[in-house]
Structure formats: C-alpha cells, structure tokens
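User: Hi! Could you walk me through this model?
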Amino acid sequence: MRRLAPPSGRRGQILAGVMMIVMILLIIVPAMVSWVTQDNKASVKDRKSTTAFNIAEAGLDRAYWKLKSSTSTWADARAGLPLAGYAFDQAYTDVSGGVYRVSITSGPLADQVTVISEGRDLLGQEKRAVQALYTNMTIPGAIISGAGNNSSRSSIA
C-alpha cells in the first residue's frame with residue numbers, strides 16, 4: 001500500500017499549535033498555583049485573626065460580668081484597685097480555640113472603668129486586643145418618658 005503524504009505546505013502546523021498551547025500552560029499553571037497558595041495562606045491568617053478577636057471579645061464579656069457582680073467590685077475598679085485575675089495576671093481558657101487575659105483599670109474619667117482584653121489563638125500565632133470603656137449609670141426613676149406621663153386616680157365612695 002502506498003501512503004499519501006500531506007501537502008508540503010501543511011507539514012508541522014499541528015506541532016506548532018501544540019507547542020503554543022504547552023507554552024501558554026507553562027506560563028499560566030505556575031501563576032495559578034502561586035495565586036492559590038497565597039490565597040490559602042491569607043484565608044488561614046484571616047481565620048486565626050478572627051478567632052483571636054472573638055476570644056478577646058469573650059474577655060470583655062467576662063470583665064463586664066465581673067464589674068456587674070457587685071457594687072464593691074465596681075467601686076474598687078473605679079478607684080484603681082487591682083482586681084485578682086483582672087490585671088493581665090491570669091490566662092483564661094474557658095473559650096475553645098484559644099486563651100485570653102483581661103485588665104480592668106480606672107479612668108480615663110472619674111466615673112469610668114477601662115477594660116482591655118487580649119485574645120490569642122491556640123497556636124499563639126495571632127493576637128488581638130480590644131478595649132472598652134464602661135460607665136456606671138443609674139436611672140433616675142422607674143419610668144422615663146420623653147413625651148410625658150399622664151396618670152389619674154379616681155376613688156369610689
């Protein structure tokens with residue numbers, strides 16, 4: 001049998017096309033791998049940062065609970081007396097995912113208390129701190145009404 005040869009002007013066109021596709025893939029694939037790797041690292045860092053922030057907020061909740069526990073606790077904190085466990089001297093592990101420390105100090109104004117909470121993820125790679133100012137306010141009466149209050153009494157004799 002005799003083989004038919006392609007016309008001489010078309011020899012190598014398929015090879016040139018395949019080579020062009022391979023060259024494009026050699027450029028795009030490493031760039032895509034690098035992009036996915038960087039995106040993965042950023043996602044993990046963001047997750048750890050969010051975890052540390054949420055744990056720090058749990059510290060604020062603990063400090064708020066402590067300040068509300070009694071009027072003497074509030075008075076001591078406002079006077080600047082250190083509260084045991086709330087001067088960055090104890091690490092709390094009651095929240096899963098990490099640890100936190102809390103500091104309760106007086107000020108900046110005379111009737112305010114400053115709370116700083118620092119949270120760390122389990123591996124200790126990410127730290128976040130939050131700060132809150134608390135003021136003890138009393139409500140002057142049982143009912144506060146901006147539009148007024150109308151009450152009437154009637155007696156039956």
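User: How do β2 and β3 pair?
Analyst: In this predicted model, β2 and β3 pair in the antiparallel sense over nine bridges. Strands are DSSP runs of E with at least two residues, helices are H or I runs of at least four, all numbered from the N terminus; pairing needs at least two DSSP bridges. Glu118 stands opposite Ala129 in β3.

User: Nice. What is the strand order in the sheet?
Analyst: The sheet is open, with three antiparallel strands in the order β1-β2-β3. Since β1 and β3 (127-135) are at the edges with a single partner strand each, one side of each lacks a neighbour in the sheet. From one strand to the next, the twist averages 15°.

User: Switching to helices: which strands does α1 lie across?
Analyst: Helix α1 (residues 13-68) lies across β1, β2 and β3, at about 145° to β2. Angles run from 0 to 180 degrees between N-to-C directions, with axes fitted to C-alpha atoms, for helices over the stretch in contact (heavy atoms within 4.5 Å).

User: How much of the protein is buried?
Analyst: Buried residues (under 20% relative accessible area, 1.4 Å probe, protein chains only) are 23% of the 157.

Definitions and conventions:
Residues are numbered from 1 along each chain as its sequence is written. This is a predicted model: local features need pLDDT of at least 70, side-chain atom pairs count only at pLDDT 80 or more; totals for chains, interfaces and linings use all residues. Side-chain values use heavy atoms; hydrogens and water are left out. Buried means under 20% relative accessible area, exposed over 50%, partly exposed in between (1.4 Å probe, protein chains only).
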